[in-house]
Each structure stands twice: as C-alpha cells, then as structure tokens.
Amino acid sequence: MSLKKSVNHQVPFFLLRLHNLQTRIVMLVDMDYFFAQCEELRNPAIRTKPVVVCVFSGRSEESGAVSTTNYVARSYGVKSGMSIFLAKKKLKNVDAAFLPVDERYYEEVSGKVMNILRKYADRFEQAGIDEAYLDVTQRTNGRFQEAKELAVSMKDELKGQLKLTCSIGIGPNKLVAKIAADEKKPEGLTTIAPEGVKEFLSPLNVGRLLGVGTKTQEKMHSLGISTVHELAEYDPQELNDIFGRTMGIYFHNAALGIDDEFDEERSEVESFSRIATLKHNSRDLSFIMETAERLCSEIQKLAVTERMNFRTVGIIAILKDLSAHTRSKTLENPTSSLEVLYENAKELFEKFFNETEGEARRVGVRVSNLSREQTNQKQLTSFI
Ligand code: TTP
Ligand code: MG
C-alpha cells in the first residue's frame, strides 16, 4: 500500500499539533481475511478447512502466489504473498481448499459492505476493497464509549445482514485507528483514546507505522531505532537529513501519533450544518421542530454573515441505534430566507417520519449548493 496522500509538509508543526488537540473520533474498519471470507460465504462447507485464495500464474497448478487465506490456513503458517508451491507444501496431507481469485465477486460483496458502513459515518473514506475510515465525531458527541457502542452495532449489522466479520480500530485520527485495527484480528475491536495514544504506540515496532517498509525499517534499525518510542525521541532535524524533509516530518509526527488531516479540513466551505441531541428520543414532529428551528436559525445567521445563499436544504436524523438517515431537497432559486429553510426542513422531517419507523436521538439541518450573494458592486460600477 502506498503512503497516504495526507503527508503534507507545507503545514507547520505547531498547526499539526493544535489540530490534533481537538477531539476527533475515527474508525478504521477492516474486513477479516476478506477474499477467503467471501469464498466461505458462498460455500460454507469449506469454513472448517484451510482456505487459500490464489493468483495462479497459469504455468502449472503450483505457480503463482497466495492472495489471502482464512485463519485456519494461517494456523499452518500459510499467508498472503507466499508462493502457492510453499503453501501446498505446508498443507501437505491436509484437506484444504485452494481457490482462484474472483475479484468481480469480491467487489460485489465489498459494495454491500461499504453501503452498510457509510450509514454509520459523518464522513466516509473507502481506503481499499475491504477497508474504510469513518469519522464518527459528531454522531458520538466526541465520546469514545459511544463510538465503541456504534462499532458494536455496525459489527452486528454486518454479521446479521451479510454474515461477515471485521476488525475495527478506533482512535483520534486515521493513523492511530489503522494501527489499532491491526492490533487484534479477527473480530477485533480496539479503542485508543487520545490519552492512551503514547502508551499504545511507544512499544510497537516501527514497521507498524504506515510508510515504514522493510528497507526503511532496516535503515532505522541501523540508526538504533526499533520502537516507535525510539523514533519519537530521535532528533527530527536528523530524520529530515536522512529521509528527506517530507518523510522526516511524517515519521516524527507518526511516532507521536499525530496525523495530518488537513486536506479535508481546509477545503472550500460547501455547506453549513448544525446537529443537536434531542432532550428525549422522539418521532413527534412538533417536538423535533422545536430543536430544528433553533438549528435553522443558527445556519441562516451563518449564511447571512458569510454572504451566502443556499439552494439545497437537507436534514439528518440519527436514530436510537445510531444509524444516520438523510433527506434533501433542491429549491428553485438560491435563498437565505429563514422561513424557506424552516418550512423545507419541516417538510423533509415530516416525510422522513412518514416513511421510517423509530425514534430520533439527534437531528440536524444542513444547507448546501452555496452561492455568493450578489452584491450591488456591479450596479454601482455601471453608473461610473
Ligand atoms: P487485507 O485486509 O490486508 O487482508 P485480509 O482481509 O485477507 O486479512 P486480515 O484483514 O484479516 O488480516 O487485504 C484485503 C484483501 O486484499 C485480501 O483479502 C486479499 C487482498 N490481498 C492480496 O491479494 N494480496 C496481499 O498481499 C494482501 C495483503 C491482500
Ligand atoms: Mg482485511
């Protein structure tokens, strides 16, 4: 896997640190032994055997490499990247299933998985065929305990709907979430709150950090750096000199559990939204609109201050099980009218509760499709 695009050496150190002081909750969901689990799904009879998914090169039955294996096969020492020849040797006299990769089928299953995961995220980023990052800060009120409960619901839904298992890491940023997800597999759930990041990362081998491959690891070992703690203590200037400025800064920050998430944060504003927890769970429209009215008013003030009109009005309802549901509507003309916002939000909530069972726990309003309010500048200048 390549080093993420998020390495941004333009951002000063102090900003990176400051940014991370804000409590953010990110999950990394990684499906367990994905290709092999997909194979078990369509043929449950192989579940108890070693399952080895292979990329056959075609020359002989034994040429090619292992794509992945189930955990039964892993207990025999058979794993991703190994030659099929060696895998067969390790599984000699064992009743094992050697199967060819069927990527189209795995893509199809992956699509279903992502559709479930997406519902649980404020912001969603698919990171591979079987993994995705979910920012769940808003819907969990920034509480790690709630995030953990959310992760359990998500696991239950994946198992109930698709009969698939996954491992989840929860942390204050993507970097920590990813390492946490690798901590326990299969069916793992590891939560690292900000105060636990240092203790969690310090003893790990540097190879656990994204971007530290075999070569880099060897180089670091030669510098006396084996653990993440040793990397964190290493002079950052020397890291820059040895690995180049971009990677030097990245390694230093990564060792401290600091992850650069500025790409998304600094993007042009595309919407204004507000979300609030109801005093009690409800599906009563007039009760919900009491809260929504306040949210509409805050958003409208913001739009006016920023001199923006909006054309799309959206609502979000987070139900008792923390699943999130959105509805939106595009208006004929851009506006910044509070009345228009309120009436449309009300209509969307009404429609939503007519279509959906269950009580809302949190509700939100959002406006998007923003455009700059026309100023009188043009008219003024045309008189000159
Ligand atoms: P991973 O998530 O790395 O591995 P996995 O899902 O098989 O096992 P686990 O997460 O439980 O450790 O990769 C996802 C899929 O990508 C994997 O099922 C098959 C494919 N893959 C390869 O084809 N070759 C490889 O070397 C690796 C690592 C993965
Ligand atoms: Mg996986």
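The shell around ligand 1 is made up of five nonpolar, three polar and five charged residues, where Ala, Val, Leu, Ile, Met, Phe, Trp, Tyr, Cys and Pro count as nonpolar, Asp, Glu, Lys and Arg as charged, and the others, Gly among them, as polar. The model is predicted, so local features need pLDDT of at least 70 and side-chain atom pairs count only at pLDDT 80 or more, while totals for chains, interfaces and linings use all residues. Residues are numbered from 1 along each chain as its sequence is written, chains are lettered from A and ligands numbered from 1 in the order in which they are written, and side-chain values use heavy atoms, with hydrogens and water left out.

In total 13 residues surround ligand 1, and the closest are Tyr33, Ser67, Thr68, Tyr71 and Arg74; a residue counts as near if one of its heavy atoms lies within 4 Å. Strand 1 (26-31), helix 2 (34-42), strand 3 (64-69) and helix 3 (71-74) each contribute at least two residues to this shell. Helices (H or I, at least four residues) and strands (E, at least two) are DSSP runs, numbered from the N terminus. Because domain 2 (23-33 + 105-198) and domain 3 (36-102) both give residues to the shell, ligand 1 lies between them; the domain bounds come from an automatic or database domain assignment.

A polar side-chain atom of Thr68 lies 2.5 Å from an oxygen atom of ligand 1. For Phe35, a polar backbone atom is 3.0 Å from an oxygen atom of the ligand.

The magnesium ion (ligand 2) is coordinated by Asp30 (OD), Met31 (O) and Asp130 (OD), at 2.1 to 2.2 Å. Donors are N, O and S atoms within 2.8 Å of the metal (3.2 Å for Na, K and Ca); water is not among the atoms, so sites may look incomplete. Asp30 lies in strand 1 and Asp130 in the loop between strand 5 (123-128) and strand 6 (131-135), so the pair ties together parts that are 100 residues apart in sequence.

Two backbone features remain. A cis peptide bond, with omega about -10°, joins Lys185 and Pro186. Pro186 is in the loop between helix 7 (174-183) and strand 8 (189-191). Most peptide bonds are trans.

Key
Polar contact = N/O pair within 3.5 Å; in protein donor to acceptor, adjacent residues only side chain to side chain.
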